[in-house]
Amino acid sequence: MNVVDLALPGVKLIEPKIFGDARGFFLETWNAARYAAAGIPGPFVQDNLSRSARNTVRGLHRQDPTPQGKLVSCVTGTVWDVVADVDPASPNFRKWVGVELSADNRRQLWVPRGYAHGFAVLSEFADFAYKVDAPYSPKDEITVRWNDPALAIDWRIDPAAAVLSPRDAAAPLL
């Protein structure tokens, strides 16, 4: 696998080695020793899968004081995945990175604890998988407005077409 360090500290793009032939393909989605050597330690305590329609934006979400690290991938379809630093004490405050994750490229993204995370669906629908290293704690969830002008995130969709949950639509600005 190829691991690319992105512009925010600890955020990593994983490009797995894919073995394909006329039957299809095979790839390794998790190997404790190999991922730990790449700086993704685990252990993971829960796997999640969501399905979302085109133009759905999920996020930006983080947990504090019980953060989660997330290893994410798009199993079906295509998403624009975003990681943002929303910690005012951080030297990277208001910076973000985005990558395309899809069923075609089979990439994974490591989102370390403490960052806000979200994605926009670029295809008709997308199935999105999460491996998390801590249980979800609803009382600790912090939501930041997806289109906060202070972050100026390019979500790669028409903002007027964005489909949001009521919670995400009402999320506060930074």
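Here are some notes on the strands, pockets and ring pairs of this predicted model.

1. **The five-stranded sheet.** Let's start with the open sheet, which has five strands in the order E9-E8-E11-E6-E13, paired in the antiparallel sense. At its edges stand strand E9 (96-102) and strand E13 (141-143); each has a single partner strand, so one side of each has no neighbour in the sheet. From one strand to the next, the twist averages 25°.

2. **E11 inside that sheet.** Strand E11 covers residues 116-121, and six of the six are buried, so the rest of the structure largely encloses this strand. In a regular strand, side chains alternate between the two faces of the sheet. Here Ala 116, Gly 118 and Ala 120 point one way from E11, while His 117, Phe 119 and Val 121 point the other way, and all are buried.

3. **What E11 pairs with.** One partner is strand E6 (residues 57-63), joined to E11 over three antiparallel bridges. If you want a spot to look at, Arg 58 has Phe 119 of E11 as its bridge partner. The pairing of E11 with strand E8 (residues 78-84) is also antiparallel and runs over six bridges. There, Val 79 stands opposite Val 121 of E11.

4. **E8, seen from the E9 side.** E8 and E9 are paired in the antiparallel sense over seven bridges. Val 79 turns up again in this pairing, with Leu 101 as its bridge partner in E9.

5. **E10 and its two partners.** Now for strand E10 (residues 108-111). Gln 108 and Trp 110 point one way from the strand, Leu 109 and Val 111 point the other way, and all are buried. Strand E2 (residues 12-15) pairs with E10 in the antiparallel sense over three bridges, and the partner of Ile 14 in E10 is Gln 108. E7 pairs with E10 as well, antiparallel and over four bridges; in that case Val 72 has Leu 109 of E10 as its bridge partner.

6. **The largest pocket.** How much space lies in the largest pocket? About 450 Å³. Its lining has 25 residues, and those nearest the centre are His 61, Lys 70, Tyr 130, Glu 141 and Arg 167. Strand E5 (46-53), E6, E11, strand E12 (125-132) and helix H2 (166-169) are the elements that give two or more residues to this lining. E6 gives the most, with five residues.

7. Two or more lining residues come from each of strand E4 (24-27), E5, strand E7 (70-76) and E12. E7 gives the most to the lining of the second largest pocket, with five residues. By class, that lining has 10 nonpolar, four polar and four charged residues.

8. **Ring pairs.** A search of the whole structure turns up six aromatic pairs. Take Trp 30 and Phe 44: their ring centres are 4.7 Å apart and their planes are at 85°, so the pair is edge-to-face. Trp 30 sits in the loop between E4 and helix H1 (32-37), and Phe 44 in the loop between H1 and E5, so the pair ties together parts that are 14 residues apart in sequence. Trp 30 is partly exposed at a relative accessible area of 25%, whereas Phe 44 counts as buried at 17%.

9. **From Phe 44 on to E10.** Phe 44 also pairs with Trp 110, with ring centres 6.1 Å apart and planes at 80°, so this pair is edge-to-face. Why does this pair tie together parts 66 residues apart in sequence? Because Phe 44 lies in the loop between H1 and E5, while Trp 110 lies in strand E10. Trp 110 counts as buried, at 6% relative accessibility. Ring pairs link Trp 30, Tyr 35, Phe 44 and Trp 110 into a cluster.

Technical notes
Residues are numbered from 1 along each chain as its sequence is written. This is a predicted model: local features need pLDDT of at least 70, side-chain atom pairs count only at pLDDT 80 or more; totals for chains, interfaces and linings use all residues. Side-chain values use heavy atoms; hydrogens and water are left out. Buried means under 20% relative accessible area, exposed over 50%, partly exposed in between (1.4 Å probe, protein chains only). Two strands pair if DSSP finds at least two bridges between them. On a 1 Å grid over the protein atoms alone, a cavity is a set of points where a 1.4 Å probe fits but cannot get out, and a pocket is an open set with protein on both sides within 12 Å along at least five of seven lines; lining residues have an atom within 4 Å of a point. Grid points are joined across faces, edges and corners, and a volume is the space filled by probe spheres set on the points. Ala, Val, Leu, Ile, Met, Phe, Trp, Tyr, Cys and Pro count as nonpolar, Asp, Glu, Lys and Arg as charged, and the others, Gly among them, as polar. Axes are lines fitted to C-alpha atoms, for helices over the stretch in contact, and angles run from 0 to 180 degrees between N-to-C directions. Rings of Phe, Tyr and Trp (its six-membered ring) pair if their centres lie within 6.5 Å; planes under 30 degrees apart count as stacked, over 60 as edge-to-face and the rest as tilted.
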